[in-house]
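This report describes the fold, the domain arrangement and the model confidence of the structure shown below.

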Amino acid sequence: MSKHFRYRLFDLVLASDLKLDRLLPDESENAPDLFWKCSDFEQETFEATDQGLLWKTAPDCFELALPNVATIRVKDGHEILINLVPDAPMADVETLLLSAGVAALMQQRQVFLLHAAAFESASGAVLLAGVSGSGKSLLLSALNQRGYPMISDDITAISCTKQEAWVHPAWPKVSLMLDAFETLGLDRPEPNLGQAQGKRTFTATPFCSQKTPLDKIVFLKWTPEDAISISNLKGIEALPQLSSNVYRRTFLKGMQLLESNFTALNQIAAQAQFNTLTRPHDLRRLENVVDKLEEELGIIPSNKTHQSAQQSAAR
Amino acid sequence: MTTIQAKSKCTYWIASYPKSGNTWLRMLLATYFSGLDVPLNINALPSGTLAYHRKRFDELLGLETADFPTETLTDLRPRIYDMMAGSQDFQFVKTHECFTRTSSGEAVFSEATSAGAILIVRNPLDVAVSMSHFLRMSIDDTITRMSRNSQSSQRIQTELIPHETGSWSSFAQSWFEGSMPLLVVRYEDLLDQPEMAFSKVLSFMNEPINEARLQKTIAFNAFENLRAQELKDGFAAMQTGAASFFRKGQNNNWKQQLTSEQQERLHSDHVSMMKQLGYEPQIV
């Protein structure tokens, strides 16, 4: 394939052999930072330093083979080679690239990844951290409807030093369980991107298009009680939870990235504010949860966003 | 796919319809095999989570399993269980899932690493009462739920990978029709004759019986002791908002709790399997 598609991904320019429906196109003249190429690379094997059921790693190299979809090889923090299975569903290929592929790629670039959704507020990026099923996407969608620009849905990329931490925009798609569409009053979901289990996708607006300083990380918890509460955590208290929400931590060991990840973990713990949000499963309480979050954390949409949301409402 | 080093048959599946004594039996097993002279903490029970908890799968596969088709996941499950086999928290594994097969007909509960299954069953009339409290659902709705393969809650759909519990009858039937060594244990026998019932479990596992250890295990895990622990420390596996997990632990509680109509509904739904398991339908 000679034609490249160009996209934005975590503030980087991606040149891809494959058309990707979820990413924002890049219209700059900048040279690409990332290359995703279709290639039959399976003859060139490498010696694994660690492995799971479908994946294996070596320093600077990661490979994952998903039956009936594709094998991807991620190299040196800038390249993904894609060996497609004939007739593979392209939506599943894209899902594979935008989960495990992106994770390994950004880890190789020593960018810290948190299993979190993120949005922009006037005081900086706020992250909603939790495992699958913790309600990140639902809460993100409700906040997006109040004018907070989305930064990411499931994988949040943070680049940090001792002095600063920046959160980078991913892509503007949110994946939700079907019943959440009704709760949020959203229109019919977009045609399904992949055969996810009971999930459908919608495009978030507004979407944040540039890196944002990290402000807060909120850990999400459910309670069977009908009570909504927010508690503060000191950095040191937050470390275990922060650590347990590292995205695809299992890939790090074989790529010899545990140490740099630990350094980033401590830098983030020293700079962000941490809270735990506990709330009931009842979807009817969603607006109360968002009210509580705004009130207790003192967050508001940024002025610019606020105006644009008001203008949209006026239109 | 990565080649997995062959492991011996070391996984025992503790299969039950919900609220039938699964946790209790695993506490007995964990206590006996620990060899300790003190009761185990209910919150430190190895393999406290279900076999099909999504987080475990996501970690091993390196993927968000929720983002891919159910069939892909089902077909990978025997190999995932092979990977989990042999670890300390994957020896006596809790499942409320019917005996299931992949698209190629292989048992999801991998035969390569499974030593067998213990099917623990309980009188469905008592299950209805217990489950109604646990799910905070009316007894009539609980009876309906027990009669068919009900849709899981959103929480269950997101925290667990897709699975089928079936009805009270079809759950047991699926394990009878499975293809691995199976021992059936009745909750009522475990309550009334714990030494005999638990000895059968140990014999099924080809484990020599240490009488002193057996007695201690049973005493440590008497229902009132587990209930006292829960009252004191709580129970981490409790996520439904019910008042307690270890509630009464009695047989025939249904006689005070179910109307004759409710009893008749349960008999009508499950009479064949009840008789097969030795529960004589009677109306009180």
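## Chain B

In chain B, 41% of the 284 residues are buried. This is a predicted model, and the secondary structure assigned to chain B consists of 13 helices and 4 strands. Of the contacts in chain B between residues at least 6 apart in sequence, 75% connect residues at least 24 apart.

## Confidence

The model as a whole has an ipTM of 0.74 and a pTM of 0.81. For chain B, the mean pLDDT is 86, and 88% of the residues reach 70 or more.

Confidence within chain B is highest in strand β4 (residues 182–186) of chain B, at a mean of 97. Helix α6 (residues 154–159) of chain B has the lowest confidence in that chain, with a mean of 64.

## Overall form of chain A

Chain A contains 7 helices and 19 strands. Along the principal axes, the C-alpha atoms of chain A occupy a box of roughly 55 × 45 × 40 Å. The radius of gyration of chain A is 19 Å, which agrees with the value near 20 Å that a compact globule of 315 residues would have.

Of the 315 residues in chain A, 43% are buried. Among the contacts in chain A with a separation of 6 or more, 66% involve residues 24 or more positions apart.

## Domains of chain A

Chain A is divided into two parts: domain 1 covers residues 5–108, and domain 2 covers residues 112–314. A distance of 24 Å separates the C-alpha centres of domain 1 of chain A and domain 2 of chain A. The contact between these domains involves 27 residues from domain 1 of chain A and 22 residues from domain 2 of chain A.

On the side of domain 1 of chain A that touches domain 2 of chain A, the elements that give two or more residues are β6 (55–58) and α1 (90–108) of chain A. The element that gives the most to this side is α1(A), with 11 residues. By residue class, the side of domain 1 of chain A that touches domain 2 of chain A comprises 15 nonpolar, 6 polar and 6 charged residues.

Definitions and conventions: Residues are numbered from 1 along each chain as its sequence is written. Chains are lettered from A and ligands numbered from 1 in the order in which they are written. This is a predicted model: local features need pLDDT of at least 70, side-chain atom pairs count only at pLDDT 80 or more; totals for chains, interfaces and linings use all residues. The radius of gyration is taken over C-alpha atoms; the globule rule is 2.2 Å times the number of residues to the power 0.38. A residue is buried if 20 or more other C-beta atoms lie within 10 Å of its own, exposed if 12 or fewer, and partly exposed in between; C-beta atoms are placed from the backbone. Two residues are in contact if their C-beta atoms, placed from the backbone, lie within 7 Å. Domain bounds come from an automatic or database domain assignment. Ala, Val, Leu, Ile, Met, Phe, Trp, Tyr, Cys and Pro count as nonpolar, Asp, Glu, Lys and Arg as charged, and the others, Gly among them, as polar. pLDDT is the predictor's confidence in each residue, from 0 to 100.
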